[in-house]
Amino acid sequence: MTFGNKIYTMHIISINGTADRFEWWVTTLISDVVAQLTAIIGVFYWSSGKSYGELAGGGLIALAGLSLWISIAVTFRRLRDRGRPLWTFALGLTPVVGWLWLLVECGFLPSAYRGAKRTLTIRTVKAEQAAHGDAEPAP
């Protein structure tokens, strides 16, 4: 499945599977820009005092939330592709240092799994790490 086909499927909002660097960059940049713009416009509509303002503002703020979820989901998939546990996403919530770490980890470092692209689960990651001596074997 190519990146273009993934946009039209439910994969874009799912945290399952993996994401390569290109998918992470494109999805994160587009969804973050959309989230920022819709949140700003939504707040203006919400505070306009017009009868349609609350409905339009609420819809735009909901769209901003969806865009943020898409960004979070692709980051989870990218961390899985890098072989990192998903709890490391919480490190990205630390101001400045966490943001820089997440940017380098997801945006610049290569995949931990060379070769054919495949869907990874936590068990397959642990099994491969155990096979290479990187971690304790999975129970």
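This is a predicted model: local features need pLDDT of at least 70, side-chain atom pairs count only at pLDDT 80 or more; totals for chains, interfaces and linings use all residues.
Buried means under 20% relative accessible area, exposed means over 50%, and partly exposed is in between, with a 1.4 Å probe and protein chains only.

Residues are numbered from 1 along each chain as its sequence is written, and side-chain values use heavy atoms, with hydrogens and water left out.

First, the overall picture. The chain has five helices and zero strands. Both kinds of element are DSSP runs, numbered from the N terminus: helices are H or I with at least four residues, strands are E with at least two. Along the sequence the pattern reads α-α-α-α-α. The chain has 139 residues, and 31% of them count as buried. Now contacts, meaning heavy atoms within 4.5 Å. Take those in the chain with a separation of 6 or more: 63% come from residues 24 or more positions apart.

Next, aromatic pairs. Rings of Phe, Tyr and Trp (its six-membered ring) pair if their centres lie within 6.5 Å; planes under 30 degrees apart are stacked, over 60 edge-to-face, and the rest tilted. How many aromatic pairs does that rule give? The count is three. Why is the pair of Trp24 and Trp25 called edge-to-face? Because the ring centres are 5.1 Å apart and the planes stand at 75 degrees. Trp24 is buried, at 5% relative accessible area. Trp25 is partly exposed, at 26%.

Phe76 and Phe89 also form an edge-to-face pair, 5.0 Å centre to centre with 85 degrees between the planes. This pair links distant parts of the chain. Phe76 sits in helix α3, Phe89 in the loop between α3 and α4 (97–107), and they are 13 residues apart.

Now α3 itself. It covers residues 53–81, 29 residues in total. From first C-alpha to last, α3 reaches 42 Å, close to the 42 Å expected at 1.5 Å a residue. That expected span is 1.5 Å times one less than the number of residues. After α3 comes Gly83, with a positive phi near 85 degrees.

How do α3 and α4 pack? Two packed helices are described by the angle between their axes and the distance between the axes. For α3 and α4, the angle is about 65 degrees and the axes are 9 Å apart. Axes here are lines fitted to C-alpha atoms, for helices over the stretch in contact, with angles from 0 to 180 degrees between N-to-C directions. On the α3 side, Thr75, Arg78 and Leu79 make the contact; on the α4 side, Trp101, Leu102, Glu105 and Cys106.

Last, the loops. Most residues other than glycine have a negative phi. Val96 has a positive phi, near 60 degrees, and lies in the loop between α3 and α4. Ser47 lies in the loop between α2 (21–46) and α3. Ser47 is exposed, with a relative accessible area of 54%. Ser47 and Gly57 are ten residues apart in sequence and 8.2 Å apart in space, C-alpha to C-alpha.
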